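I wanted to get to know the aromatic rings in this one, so I opened a notebook page for them. Here is what I looked up.

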Amino acid sequence: MHLSILVVGEMGTGKSTFINTLCDEDVIPVDRAHGRDELSIENFNTTIFEGGTKINLDIVLASGFGDSVDNSTCTSKLVKYIDDQFEAALKEECKILRTHQSNDTRVHASIYFIRPTGRGLRPLDIQCMRALSERCNVIPVISKGDLLTVEEKKENRECIMRDLRNAEIPNYDFTASFEDIGEMLPGVNIQDLIPMTIVSGTERKIIDNMEYKVRKLPHGIVRVDDPAHSDFLLLRTCLLGACLQDLKDMTEEVYYEKYRTKKLSEASKRTNLGSARSPSLSKVKSEASGITAK
(Lines give C-alpha, C1' and ligand atoms only; values in the text may rest on other atoms or scores of the structure.)
Protein backbone atom coordinates (compact mmCIF):
# COMPACT_ATOMS: atom_id res chain seq x y z
CA MET A 1 0.00 0.00 0.00
CA HIS A 2 1.22 3.48 -0.85
CA LEU A 3 0.13 6.90 0.42
CA SER A 4 1.43 10.37 -0.39
CA ILE A 5 0.53 13.37 1.80
CA LEU A 6 1.35 17.05 1.40
CA VAL A 7 1.85 18.92 4.69
CA VAL A 8 1.30 22.68 4.50
CA GLY A 9 1.32 25.44 7.11
CA GLU A 10 3.18 28.34 8.65
CA MET A 11 6.49 27.86 10.41
CA GLY A 12 5.95 26.90 14.04
CA THR A 13 2.61 25.17 13.56
CA GLY A 14 4.09 21.76 14.34
CA LYS A 15 4.31 20.18 10.88
CA SER A 16 7.61 18.36 11.44
CA THR A 17 6.62 17.14 14.91
CA PHE A 18 3.31 15.90 13.50
CA ILE A 19 5.09 13.91 10.79
CA ASN A 20 7.53 12.36 13.24
CA THR A 21 4.69 11.50 15.64
CA LEU A 22 2.61 10.02 12.81
CA CYS A 23 5.50 7.86 11.62
CA ASP A 24 6.79 7.09 15.13
CA GLU A 25 10.32 7.99 14.04
CA ASP A 26 12.39 11.07 13.18
CA VAL A 27 11.56 11.25 9.47
CA ILE A 28 12.25 14.99 9.63
CA PRO A 29 15.67 15.44 11.33
CA VAL A 30 15.27 17.16 14.70
CA ASP A 31 18.41 19.23 14.11
CA ARG A 32 17.16 20.44 10.72
CA ALA A 33 17.49 24.20 10.15
CA HIS A 34 14.25 26.12 10.65
CA GLY A 35 13.09 29.26 8.91
CA ARG A 36 13.29 29.87 5.17
CA ASP A 37 13.14 32.99 3.09
CA GLU A 38 10.75 31.42 0.62
CA LEU A 39 8.66 28.31 0.06
CA SER A 40 10.56 25.10 -0.59
CA ILE A 41 9.11 21.66 -1.21
CA GLU A 42 10.92 18.74 0.38
CA ASN A 43 10.27 15.01 -0.01
CA PHE A 44 10.69 12.37 2.69
CA ASN A 45 9.92 8.65 2.57
CA THR A 46 9.37 5.99 5.19
CA THR A 47 7.63 2.66 5.73
CA ILE A 48 4.92 2.15 8.34
CA PHE A 49 3.24 -1.07 9.48
CA GLU A 50 -0.34 -0.35 10.48
CA GLY A 51 -2.54 -3.23 11.61
CA GLY A 52 -0.25 -5.69 9.83
CA THR A 53 -0.38 -3.69 6.58
CA LYS A 54 2.82 -2.29 5.11
CA ILE A 55 2.38 1.33 4.01
CA ASN A 56 4.98 3.12 1.93
CA LEU A 57 4.48 6.72 3.03
CA ASP A 58 5.67 9.67 0.96
CA ILE A 59 5.73 12.99 2.84
CA VAL A 60 5.81 16.25 0.87
CA LEU A 61 6.67 19.05 3.29
CA ALA A 62 6.02 22.66 2.24
CA SER A 63 8.59 24.59 4.29
CA GLY A 64 8.42 28.37 4.51
CA PHE A 65 4.78 28.59 3.44
CA GLY A 66 3.38 32.04 4.21
CA ASP A 67 6.47 33.09 6.14
CA SER A 68 7.78 35.75 3.74
CA VAL A 69 6.78 39.38 3.34
CA ASP A 70 5.65 38.55 -0.21
CA ASN A 71 3.75 35.24 -0.32
CA SER A 72 2.16 35.78 -3.72
CA THR A 73 3.86 32.75 -5.31
CA CYS A 74 3.30 30.24 -2.48
CA THR A 75 0.04 28.85 -3.83
CA SER A 76 1.23 28.66 -7.44
CA LYS A 77 4.30 26.64 -6.39
CA LEU A 78 2.15 24.09 -4.58
CA VAL A 79 -0.28 23.92 -7.50
CA LYS A 80 2.61 23.38 -9.93
CA TYR A 81 4.00 20.57 -7.78
CA ILE A 82 0.67 18.71 -7.69
CA ASP A 83 0.06 19.26 -11.41
CA ASP A 84 3.57 18.04 -12.21
CA GLN A 85 2.82 14.75 -10.46
CA PHE A 86 -0.40 14.40 -12.46
CA GLU A 87 1.52 15.15 -15.65
CA ALA A 88 4.13 12.49 -14.84
CA ALA A 89 1.35 9.93 -14.30
CA LEU A 90 -0.34 10.92 -17.57
CA LYS A 91 2.89 10.61 -19.55
CA GLU A 92 3.48 7.16 -18.10
CA GLU A 93 -0.10 6.16 -18.92
CA CYS A 94 0.27 7.29 -22.54
CA LYS A 95 3.48 5.36 -23.19
CA ILE A 96 3.35 2.44 -25.61
CA LEU A 97 5.69 0.52 -23.33
CA ARG A 98 5.03 1.49 -19.74
CA THR A 99 7.69 1.40 -17.04
CA HIS A 100 7.38 -1.69 -14.87
CA GLN A 101 6.28 -0.68 -11.36
CA SER A 102 6.63 3.06 -12.00
CA ASN A 103 6.69 5.31 -8.93
CA ASP A 104 3.32 7.04 -8.42
CA THR A 105 3.99 10.45 -6.86
CA ARG A 106 0.45 11.88 -7.01
CA VAL A 107 -0.64 13.61 -3.79
CA HIS A 108 -3.50 11.75 -2.08
CA ALA A 109 -4.16 14.23 0.74
CA SER A 110 -3.08 17.68 1.86
CA ILE A 111 -2.89 18.25 5.62
CA TYR A 112 -3.32 22.01 6.02
CA PHE A 113 -2.16 23.35 9.41
CA ILE A 114 -4.01 26.42 10.70
CA ARG A 115 -2.80 28.53 13.59
CA PRO A 116 -5.62 28.97 16.17
CA THR A 117 -6.04 32.73 16.28
CA GLY A 118 -9.79 32.77 16.95
CA ARG A 119 -10.24 34.89 13.80
CA GLY A 120 -10.62 32.13 11.24
CA LEU A 121 -8.66 31.94 8.00
CA ARG A 122 -6.24 34.40 6.44
CA PRO A 123 -6.74 35.44 2.79
CA LEU A 124 -3.65 33.32 1.95
CA ASP A 125 -5.25 30.27 3.60
CA ILE A 126 -8.43 30.75 1.58
CA GLN A 127 -6.53 31.24 -1.67
CA CYS A 128 -4.34 28.19 -1.10
CA MET A 129 -7.03 25.81 0.13
CA ARG A 130 -9.31 26.78 -2.74
CA ALA A 131 -6.58 25.89 -5.25
CA LEU A 132 -5.60 22.69 -3.42
CA SER A 133 -9.21 21.51 -3.10
CA GLU A 134 -9.46 21.45 -6.91
CA ARG A 135 -6.52 19.02 -7.07
CA CYS A 136 -6.49 16.83 -3.96
CA ASN A 137 -8.26 15.87 -0.75
CA VAL A 138 -7.81 18.78 1.68
CA ILE A 139 -7.81 18.04 5.41
CA PRO A 140 -7.60 21.22 7.53
CA VAL A 141 -6.28 20.81 11.07
CA ILE A 142 -5.84 23.22 13.98
CA SER A 143 -2.29 23.15 15.33
CA LYS A 144 -1.06 23.41 18.91
CA GLY A 145 -4.29 22.10 20.42
CA ASP A 146 -2.61 21.90 23.85
CA LEU A 147 -2.79 25.71 24.04
CA LEU A 148 -6.58 25.76 23.75
CA THR A 149 -9.46 25.24 26.13
CA VAL A 150 -12.52 23.25 25.05
CA GLU A 151 -14.38 26.51 24.39
CA GLU A 152 -11.48 27.91 22.33
CA LYS A 153 -11.33 24.75 20.21
CA LYS A 154 -15.04 25.08 19.48
CA GLU A 155 -14.69 28.77 18.65
CA ASN A 156 -11.78 28.18 16.26
CA ARG A 157 -13.61 25.33 14.53
CA GLU A 158 -16.69 27.45 13.99
CA CYS A 159 -14.69 30.40 12.62
CA ILE A 160 -12.68 28.23 10.22
CA MET A 161 -15.70 26.28 8.95
CA ARG A 162 -17.62 29.55 8.48
CA ASP A 163 -14.82 30.90 6.29
CA LEU A 164 -14.59 27.64 4.31
CA ARG A 165 -18.35 27.66 3.66
CA ASN A 166 -18.37 31.33 2.66
CA ALA A 167 -15.49 30.71 0.24
CA GLU A 168 -17.19 27.52 -1.02
CA ILE A 169 -14.07 25.46 -0.32
CA PRO A 170 -14.75 21.74 0.18
CA ASN A 171 -12.72 19.68 2.64
CA TYR A 172 -12.39 15.93 2.66
CA ASP A 173 -15.57 14.16 3.77
CA PHE A 174 -14.74 11.53 6.38
CA THR A 175 -18.30 10.29 6.78
CA ALA A 176 -18.08 7.66 4.02
CA SER A 177 -15.40 5.77 5.96
CA PHE A 178 -16.27 6.77 9.51
CA GLU A 179 -18.40 3.70 10.17
CA ASP A 180 -15.18 1.70 10.37
CA ILE A 181 -13.90 3.77 13.31
CA GLY A 182 -17.15 4.98 14.84
CA GLU A 183 -16.52 2.96 17.99
CA MET A 184 -13.68 5.38 18.86
CA LEU A 185 -16.16 8.19 19.47
CA PRO A 186 -19.64 6.70 19.95
CA GLY A 187 -22.47 9.10 19.28
CA VAL A 188 -20.20 11.71 17.72
CA ASN A 189 -20.55 13.01 14.16
CA ILE A 190 -17.01 13.20 12.81
CA GLN A 191 -17.85 16.24 10.70
CA ASP A 192 -18.45 18.14 13.96
CA LEU A 193 -14.74 17.62 14.73
CA ILE A 194 -13.54 19.23 11.49
CA PRO A 195 -11.04 20.77 11.49
CA MET A 196 -9.45 18.34 13.92
CA THR A 197 -7.34 19.81 16.71
CA ILE A 198 -3.88 18.29 16.85
CA VAL A 199 -1.31 17.82 19.59
CA SER A 200 1.92 16.12 18.55
CA GLY A 201 4.86 14.86 20.57
CA THR A 202 7.54 12.23 20.17
CA GLU A 203 8.68 11.87 23.78
CA ARG A 204 7.60 8.76 25.67
CA LYS A 205 6.53 8.36 29.26
CA ILE A 206 5.27 5.46 31.38
CA ILE A 207 1.83 6.28 32.82
CA ASP A 208 -0.05 3.64 34.83
CA ASN A 209 2.38 0.96 33.62
CA MET A 210 1.70 1.88 29.97
CA GLU A 211 4.02 3.73 27.58
CA TYR A 212 2.51 6.72 25.80
CA LYS A 213 3.72 9.36 23.36
CA VAL A 214 3.49 12.69 25.16
CA ARG A 215 4.13 16.38 24.84
CA LYS A 216 5.81 17.87 27.90
CA LEU A 217 4.70 21.33 29.00
CA PRO A 218 5.86 23.51 31.89
CA HIS A 219 2.60 22.85 33.73
CA GLY A 220 2.19 19.16 32.93
CA ILE A 221 2.13 16.39 30.33
CA VAL A 222 -0.29 15.92 27.44
CA ARG A 223 -0.90 12.44 26.06
CA VAL A 224 -0.89 12.74 22.28
CA ASP A 225 -3.39 9.92 21.79
CA ASP A 226 -5.85 11.05 24.48
CA PRO A 227 -9.12 12.05 22.72
CA ALA A 228 -9.82 14.49 25.55
CA HIS A 229 -6.75 16.52 24.56
CA SER A 230 -6.15 15.85 20.86
CA ASP A 231 -7.68 14.42 17.70
CA PHE A 232 -4.28 13.05 16.66
CA LEU A 233 -5.22 9.38 17.08
CA LEU A 234 -8.45 9.88 15.14
CA LEU A 235 -6.60 11.58 12.27
CA ARG A 236 -3.91 8.90 12.23
CA THR A 237 -6.54 6.15 12.14
CA CYS A 238 -8.30 7.88 9.25
CA LEU A 239 -5.12 8.49 7.24
CA LEU A 240 -3.47 5.12 7.70
CA GLY A 241 -6.54 2.95 8.04
CA ALA A 242 -10.21 3.73 7.58
CA CYS A 243 -9.89 6.38 4.87
CA LEU A 244 -6.64 5.35 3.17
CA GLN A 245 -8.21 3.55 0.22
CA ASP A 246 -10.89 6.21 -0.21
CA LEU A 247 -8.24 8.94 -0.35
CA LYS A 248 -6.45 7.00 -3.11
CA ASP A 249 -9.70 6.31 -4.99
CA MET A 250 -10.71 9.97 -4.85
CA THR A 251 -7.31 10.96 -6.21
CA GLU A 252 -7.52 8.47 -9.07
CA GLU A 253 -11.20 8.76 -9.99
CA VAL A 254 -11.89 12.44 -9.32
CA TYR A 255 -8.82 14.69 -9.22
CA TYR A 256 -6.53 12.85 -11.64
CA GLU A 257 -9.41 12.07 -14.00
CA LYS A 258 -10.31 15.76 -14.05
CA TYR A 259 -6.70 16.68 -14.91
CA ARG A 260 -6.43 13.89 -17.50
CA THR A 261 -9.67 14.88 -19.24
CA LYS A 262 -8.64 18.52 -19.37
CA LYS A 263 -5.18 17.81 -20.80
CA LEU A 264 -6.35 15.32 -23.43
CA SER A 265 -9.17 17.67 -24.47
CA GLU A 266 -6.70 20.52 -24.89
CA ALA A 267 -4.40 18.30 -26.93
CA SER A 268 -7.32 17.20 -29.13
CA LYS A 269 -8.37 20.82 -29.74
CA ARG A 270 -4.83 21.78 -30.73
CA THR A 271 -4.68 18.86 -33.16
CA ASN A 272 -8.06 19.73 -34.73
CA LEU A 273 -7.13 23.40 -34.95
CA GLY A 274 -3.83 22.54 -36.62
CA SER A 275 -5.63 20.32 -39.16
CA ALA A 276 -8.14 23.06 -39.95
CA ARG A 277 -5.40 25.59 -40.60
CA SER A 278 -3.31 23.28 -42.80
CA PRO A 279 -4.42 22.83 -46.45
CA SER A 280 -5.36 19.28 -47.33
CA LEU A 281 -2.88 17.16 -49.30
CA SER A 282 -5.26 16.78 -52.24
CA LYS A 283 -5.76 20.53 -52.43
CA VAL A 284 -2.02 21.13 -52.44
CA LYS A 285 -1.53 18.56 -55.22
CA SER A 286 -4.36 20.09 -57.24
CA GLU A 287 -2.93 23.57 -56.96
CA ALA A 288 0.54 22.26 -57.86
CA SER A 289 -0.86 20.51 -60.96
CA GLY A 290 -2.57 23.70 -62.08
CA ILE A 291 0.62 25.67 -61.77
CA THR A 292 2.50 23.00 -63.78
CA ALA A 293 -0.13 23.00 -66.52
CA LYS A 294 0.16 26.72 -66.95
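Predicted model: local features only at pLDDT ≥ 70, side-chain atom pairs only at ≥ 80, totals over all residues.

**Aromatic rings, notebook page**

I began with a group: Phe18, Phe113 and Phe232 make up one aromatic cluster.

Next I checked the tally. How many aromatic pairs does the count come to? It comes to 6.

I then picked out phenylalanine 86 and tyrosine 256. Their ring centres are 5.9 Å apart and the planes sit at 45°.

Where do the two partners lie? I found phenylalanine 86 in helix α2 (residues 74-93) and tyrosine 256 in helix α7 (residues 244-277), so this pair ties together parts that are 170 residues apart in sequence.

Buried or exposed, I asked of phenylalanine 86? Its relative accessible area is 1%, so I wrote down buried, the cut-off being under 20%. Tyrosine 256 is buried as well, at 2%.

Then I moved on to tyrosine 172 and phenylalanine 174. This aromatic pair is edge-to-face, with 4.9 Å from centre to centre and 80° between the planes. I looked up the accessibility here too: tyrosine 172 counts as buried at 4% relative accessibility, and phenylalanine 174 is buried with a relative accessible area of 3%.

Last, I went back to tyrosine 256 to see what lies over the face of its ring. I found arginine 106 there, 4.7 Å from the ring centre.

Terms used
Residues numbered from 1 in each chain as written. Heavy atoms only, no water. Phe/Tyr/Trp six-rings, centres within 6.5 Å; stacked < 30°, edge-to-face > 60°. Helix = DSSP H or I, 4+ residues; strand = E, 2+ residues; numbered from the N terminus. Buried < 20%, exposed > 50% of the residue type's maximum accessible area, 1.4 Å probe, protein only. Lys NZ or Arg CZ within 6 Å of the ring centre and 35° of its normal.
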